[in-house]
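The following note comments on selected features of the structure shown below.

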Amino acid sequence: MSDMADPIYKTDALIAEDIDAYLEQHQHKSLLRFITCGSVDDGKSTLIGRLLYDSKMIFEDQLAALEADSKRVGTQGQEIDFALLVDGLAAEREQGITIDVAYRFFTTEKRKFIVADTPGHEQYTRNMVTGASTADLAVILIDARKGVLTQTRRHSYLAHLIGIRNIVLAVNKMDLVDYSQQVFDDIVADYTAFANSIGITSFVPMPISGFKGDNITANSPNTPWYTGKPLIEHLETVEVDVTADQDKPFRMAVQWVNRPNLDFRGFSGQIATGIVKAGDAIRVLPSGKTSTVSRIVTLDGDLDEAVAGQSVTLCFADEIDCSRGDVIAIADTPPEAANQFESTLVWMSDEALHVGRAYWMKLGTQMVSVTVQAPKYIVNVNTMEHLAAKTLDLNAIGVVELATDKPVVFEAYTQNRTLGGFILVDKITNNTVAAGMLHFSLRRAQNVHWQALDISRDAHANLKNQKPAVLWFTGLSGSGKSTIANLVEKKLHRMNRHTFLLDGDNVRHGLNKDLGFTEADRIENIRRVGEVAKLMADAGLIVITAFISPFRAEREMVRAMIPEGEFFEIFIDTPLAEAEKRDVKGLYKKARAGDLKNFTGIDSPYEAPEGPEIRIDTTKMDAEAAADAIIERLLGWH
Amino acid sequence: MTDKTILTHLERLEAESIHIMREVVAEAEKPVMLYSVGKDSAVMLHLARKAFYPSPPPFPLLHVDTTWKFKAMYELRNRMAQESGMELLVYQNPEAKERGINPFDHGPLHTDMWKTEGLKQALDLYGFDVAFGGARRDEEKSRAKERIFSFRTATHGWDPKNQRPELWNLYNARKKKGESIRVFPISNWTELDIWQYIHLNDIPIVPLYFSEKRPTVERDGLLLMVDDERFPLREGEEPVMRSIRFRTLGCYPLTGAVESEAKTLPEVIQEMLLTTTSERQGRVIDKDGGDASMEKKKQEGYF
């Protein structure tokens with residue numbers, strides 16, 4: 001244990017002698033969040049264990065357990081196996097949660113540290129990205145005996161992708177290569193070539209041994225040729241991102257409007273970039289309204305200024321509209337708003353990307369509906385090659401174009417993590433399925449002025465003396481959708497209503513004749529029908545659609561396009577057995593025989609509506625009665 | 001440009017916690033803050049007051065009571081509820097009450113019925129969809145891996161293998177009907193951070209954290225305080241006055257004291273920093289069922 005005589009935590013004496021002085025010193029420490037990357041064999045766990053041990057974050061009871069474990073199962077003979085501290089128990093590993101990010105904490109004289117300990121293997125790319133997203137710095141470990149490996153490249157790429165500017169290349173296990181400068185220099189040269197190729201312009205290389213403690217807390221006599229800082233000193237002094245963010249223009253996403261009474265109206269949020277001072281001229285996006293900051297309010301009294309990273313509440317001199325999702329920015333250099341972007345996406349779900357399907361996008365405090373185009377390419381993280389792909393599978397990283405349903409206030413991710421980083425959320429399962437980093441907008445939304453229509457939507461409807469509506473029929477093949485929809489249209493026509501029926505016959509042969517019956521094509525089919533229905537409703541018509549529309553997500557997508565109260569989801573509820581028994585077109589027979597693929601109900605799923613406006617049970621009601629019930633409900637709304 | 005402001009670690013942690021609390025209030029239907037009267041709860045309550053000032057925190061406090069907490073805890077609880085202007089809900093599992101479940105006779109069942117079951121019942125009863133908890137990642141191995149937004153099924157189960165990725169400071173609070181979320185705003189704080197924050201902000205805490213002569217008995221390797229007459233003395237046991245304090249507070253028959261002379265916060269912190277055993281060692285609860293015990297409890301719905 002002679003190597004361990006030099007703990008980082010040299011303030012023991014101060015704690016014992018003058019606790020107030022110690023607390024005063026501790027109180028002013030800053031925080032560095034970092035991530036360690038590299039495969040287990042590169043000595044990642046040993047390094048973290050060493051940092052925890054040297055900073056006295058290991059208690060006697062834990063140390064006793066560690067010493068016992070080291071003797072029993074350790075890989076370092078009679079010496080302490082630091083890796084055991086971090087790797088947890090075999091049982092835990094079997095339960096599968098060591099594949100996740102674990103956060104660990106330690107302190108030195110100058111700084112506090114949070115380490116995100118992430119798994120190394122390729123299948124855990126999403127975990128690595130999660131850990132990296134909150135890190136100020138990445139320590140990339142290399143085994144001196146092995147040099148730059150695929151893992152090294154992958155982790156460097158991911159760290160760079162997520163925007164970590166501070167990279168430490170820790171060439172570990174130097175003790176096993178006799179502290180050879182040649183070995184070190186060769187590895188650094190190798191890595192430099194690779195780093196340049198992916199856009200990493202600077203990194204700090206250092207020769208270390210996590211096991212022996214070389215160049216961890218102090219420069220090692222074993223590497224006299226190394227003139228840089230030891231690891232800890234570097235971690236203690238490197239500038240962190242939140243400080244760097246203060247140089248950028250002021251931006252804050254509004255989280256919550258604070259309104260305890262009529263006399264106070266404040267806007268709460270965490271400052272993303274820049275500095276705000278009382279008296280600053282600001283602009284609220286996307287509305288563009290301006291005012292000045294009258295107060296920066298906190299429980300401990302008003303502040304004169306606040307900086308990136310702080311959570312504050314701002315008051316304005318003027319009463320202007322501002323709510324959750326808006327962005328407050330310095331008035332003279334505000335960010336833009338747009339609705340079409342190019343972006344990198346890291347796919348994090350077992351279920352692949354559905355091109356064309358609507359997802360929720362959360363960016364800052366903005367939540368919008370978004371659809372994703374087929375990837376331009378995906379990146380092979382091992383070789384950095386760009387490959388063609390139709391979709392994104394778990395852990396895939398691709399560049400895509402996406403379109404939001406309303407303008408989003410944004411900046412490029414490289415400029416501003418808060419206004420450029422986003423997640424995608426599946427609308428049905430509510431899972432977080434992807435992380436995204438915006439590159440740029442495809443066209444400026446402020447240039448896409450909606451054609452100012454002299455004849456408004458209301459004008460169209462008023463002329464027809466009716467309220468527009470979309471009657472969206474859904475149900476299995478042969479459930480009776482078309483029959484009932486036809487009857488509804490006839491009856492409405494007799495009542496002098498202006499209607500139009502969209503069904504497979506008039507859409508599949510024309511507008512959508514390029515589409516087949518794969519899942520992606522079915523999604524696109526419904527999207528187009530939805531858009532057409534929306535235009536017709538804008539023209540004042542009562543639109544009736546009769547499509548199986550098997551997926552809940554697409555029906556919800558259409559619902560979101562249509563003004564509230566005008567969309568009627570009509571579930572023609574006929575049990576599969578009943579529809580198959582009727583088999584009007586003989587399709588079920590073909591599907592059962594295997595002659596028809598992707599047939600809903602047989603080898604393709606039907607997701608029944610959860611809360612349709614109207615449900616028709618065709619085993620209890622004939623088509624006439626069903627049509628009457630639907631019309632009654634529709635006109636009842638008028 | 002003038003000199004940059006370098007935020008201290010506590011300022012960054014505070015800003016993060018406040019951000020988390022505001023996200024919950026903006027997105028949840030009916031949030032609640034679990035309040036256990038310990039030092040972590042004290043910090044949580046203070047952060048909530050900061051996050052929403054000048055409004056009072058827009059959610060109630062919920063104390064899932066076991067009837068076996070220290071008297072001093074009940075006193076502080078009532079005082080803090082009054083000072084913060086927040087509604088205090090106290091829930092005691094009626095079944096546990098009826099069956100007279102207690103830590104002396106019922107062992108692990110005590111925690112299970114009063115705390116785990118009590119919590120589930122209270123959340124269901126009031127229909128809370130998000131509950132703030134004061135767990136920290138430095139406390140225990142399985143907590144080191146838990147997300148800040150931690151999902152619970154309609155039956156309050158936790159699935160450690162199926163956690164949502166949590167990127168940047170973007171929290172996905174969407175959930176299905178019946179599901180709920182436990183949110184841990186002080187996940188990234190350490191024990192020292194908590195103490196220092198209490199010290200800097202002068203936050204009221206239960207006096208039991210400070211040393212005083214108190215009646216104690218030594219039992220099964222723990223130093224227990226005889227807090228009221230319900231403490232059944234075994235043969236030969238006689239309460240002895242010792243200078244003790246507590247590093248963590250729970251049900252008094254389950255919480256081990258440490259002998260100490262630390263009477264002020266700096267002294268308490270000093271003792272903590274010089275001490276050589278981990279914080280939860282004084283708690284019986286982690287030890288039922290070996291190393292994976294906390295993880296198992298969490299899967300069953302314990303906070």
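1. In chain A, A:Val372 stands opposite A:Leu402, the latter belonging to strand 21 of chain A. The strands concerned are strand 18 (residues 366-372) of chain A and strand 21 of chain A, which pair in the antiparallel sense through three bridges. The model is a predicted one, and the points below should be read accordingly.

2. Strand 21 of chain A, which spans residues 397-410, is also joined to strand 16 (residues 336-347) of chain A by ten bridges, and these two strands run antiparallel. Within strand 21 of chain A, A:Val399 is the residue opposite A:Thr344.

3. Strand 19 (residues 377-379) of chain A likewise runs antiparallel to strand 21 of chain A, with two bridges between them. Here A:Tyr377 has A:Val399 as its bridge partner.

4. The largest nonpolar core contains 233 residues, and the members that touch the most others are A:Ala138, A:Ile140 and A:Leu471. In soluble globular proteins, nonpolar side chains tend to be buried together. Leaving aside residues up to four places away in sequence, A:Ala138 touches A:Phe34, A:Ile35, A:Cys37, A:Ala132, A:Ala159, A:Ile164 and A:Ile167.

5. Which residues make up the contact between the chains? Chain A contributes 61 residues and chain B contributes 57 residues. On the side of chain A that touches chain B, the largest share, five residues, is supplied by helix 2 (residues 19-27) of chain A. By class, that side of chain A comprises 24 nonpolar, 24 polar and 13 charged residues.

Definitions and conventions:
Residues numbered from 1 in each chain as written. Chains lettered and ligands numbered in written order. Predicted model: local features only at pLDDT ≥ 70, side-chain atom pairs only at ≥ 80, totals over all residues. Core = buried A, V, L, I, M, F, W, Y, C linked by C-beta atoms within 7 Å. Buried ≥ 20, exposed ≤ 12 C-beta atoms within 10 Å, placed from the backbone. Contact = placed C-beta atoms within 7 Å. Helix = DSSP H or I, 4+ residues; strand = E, 2+ residues; numbered from the N terminus. Nonpolar A, V, L, I, M, F, W, Y, C, P; charged D, E, K, R; others polar. Pairing = 2+ DSSP bridges.
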